[in-house]
Every structure is written in C-alpha cells, then in structure tokens.
Amino acid sequence: MNLRPRRSEEPEINLIPLIDVLLMMVLFFMFSSTFVMEGRLRVRLPQADSVPLSRQNFDTLVVTVTASGSYLVNDRELVNSSADTLRTALEKTAGADRSRPVTIRADGRATHQSVVTAMDVLGRLGFAQLNIVTTDASGAAAP
C-alpha cells in the first residue's frame, strides 16, 4: 500500500502553437488584402444625361460661387468673400423667410471649401431647401 501523497502536476497551456497560428493568420490577411491608395484616387464629377424639369419659382434665392471664391447673392457681388459678409447679405436679402429654396451655382473651378462655406452659412441661418446647379453633357444648366 502506497501512502505517500501523489505528486500532481499543474496543467500547462502551451501558447507557442497559438502564437504561430495567429502569426500565420495575420500574414495571410496582409498578403490577401488590397490596400486603397487614397492619393491616387481620381474623382470625376458626374454629368446628368437628362435635364429635370425646372420649376419656375421666382422666389428662389441664388448664391453664386465664382472661380476665385467670391460670392454673389442674387447676382449682386459682395464686398469680400468672408462667411460673415455672406451671412449678412443673406439675412438682408431673405429677411425672416427661411422656407425659401436656395440655389447654389458654383463655378467648376471654385474650391470645395468655398462651396462648403456657403452651404454652412445657409444651414446655420436655417435654410433647408438647398439646390445645386449642374450642367448636362451639352453644357446647358440644369437645376
């Protein structure tokens, strides 16, 4: 009869195979995935093939962004191209009516920041109906 206490071995978790499998999975996903080159991305703006019917609404407010980044409100040029000047001109032209639709006419060479600034000023003033004018393939303006 053996009365000596048994030696019990602690169970071990061997991490080396787990690390090997994870490393192989990382390598597999790295080699099998494609990376997008954001710097090489060319953006082509779409052209409309058909011109939607234009609404004859003479109550619209027209904000024009020129190629140099200056603004015109209803074909009247502003003193400078700051957002505060645009805000003041819009408040003066529109009055308290914020339900009027606003049409943004931006030159194709205008900076994106100029257009976004105009949209931001219009949004802060409470205008909700913004239309952006584009051209169709023949060059005619489409609302």
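Mentor: Here is a short tour in questions and answers. The model is predicted, so local features need pLDDT of at least 70 and side-chain atom pairs count only at pLDDT 80 or more, while totals for chains, interfaces and linings use all residues. Residues are numbered from 1 along each chain as its sequence is written, and side-chain values use heavy atoms, with hydrogens and water left out.

Trainee: What makes up the secondary structure of the chain?

Mentor: Three helices and seven strands. Helices (H or I, at least four residues) and strands (E, at least two) are DSSP runs, numbered from the N terminus. Along the sequence the pattern reads α-β-β-β-α-β-α-β-β-β.

Trainee: Why is Val 121 called buried?

Mentor: Buried means under 20% relative accessible area, exposed over 50%, and partly exposed in between, with a 1.4 Å probe and protein chains only. Val 121 has 1%, so Val 121 is buried. You will find Val 121 in helix α3, residues 112-125. Of the chain's 143 residues, 23% count as buried.

Trainee: Which residues does Val 121 touch, not counting those up to four places away in sequence?

Mentor: Ala 83, Leu 86, Arg 87 and Leu 90. Contact means heavy atoms within 4.5 Å. Leu 86 lies 35 residues from Val 121 in sequence, yet their C-alpha atoms are 7.5 Å apart in space.

Trainee: Is Arg 100 buried or exposed?

Mentor: Its relative accessibility is 13%, under the 20% limit, so Arg 100 counts as buried. Arg 100 sits in the loop between α2 (83-94) and β4. Leaving aside neighbours within four places in sequence, its contacts include Asp 59, Thr 60, Phe 127 and Gln 129.

Trainee: Why is strand β1 described as largely enclosed by the rest of the structure?

Mentor: Because four of its five residues, in the stretch 61-65, are buried.

Trainee: How do you know that β1 pairs with β4 and with β2?

Mentor: Two strands pair if DSSP finds at least two bridges between them. β1 and β4 (residues 102-106) have five bridges, in the parallel sense, and β1 and β2 (residues 71-73) have three, in the antiparallel sense. Both pairs therefore meet the rule of at least two bridges. Val 65 stands opposite Ala 106 in β4, and Val 63 stands opposite Val 73 in β2. β1 and β2 also form a hairpin with five residues between them, and Gly 69 in the turn has a positive phi of about 95°.

Trainee: What makes the aromatic pair of Phe 28 and Phe 29 edge-to-face?

Mentor: A search of the whole structure finds one aromatic pair, and Phe 28 and Phe 29 form it, 5.5 Å centre to centre with 65° between the planes. Rings of Phe, Tyr and Trp (its six-membered ring) pair if their centres lie within 6.5 Å; planes under 30 degrees apart count as stacked, over 60 as edge-to-face and the rest as tilted. The 65° is over 60, so the pair is edge-to-face.

Trainee: Why is Phe 28 called exposed, and Leu 18 partly exposed?

Mentor: Phe 28 has a relative accessible area of 53%, which is over 50%, so Phe 28 is exposed. Leu 18, at 47%, falls in between, so Leu 18 counts as partly exposed. Leu 18 belongs to helix α1, residues 16-32.
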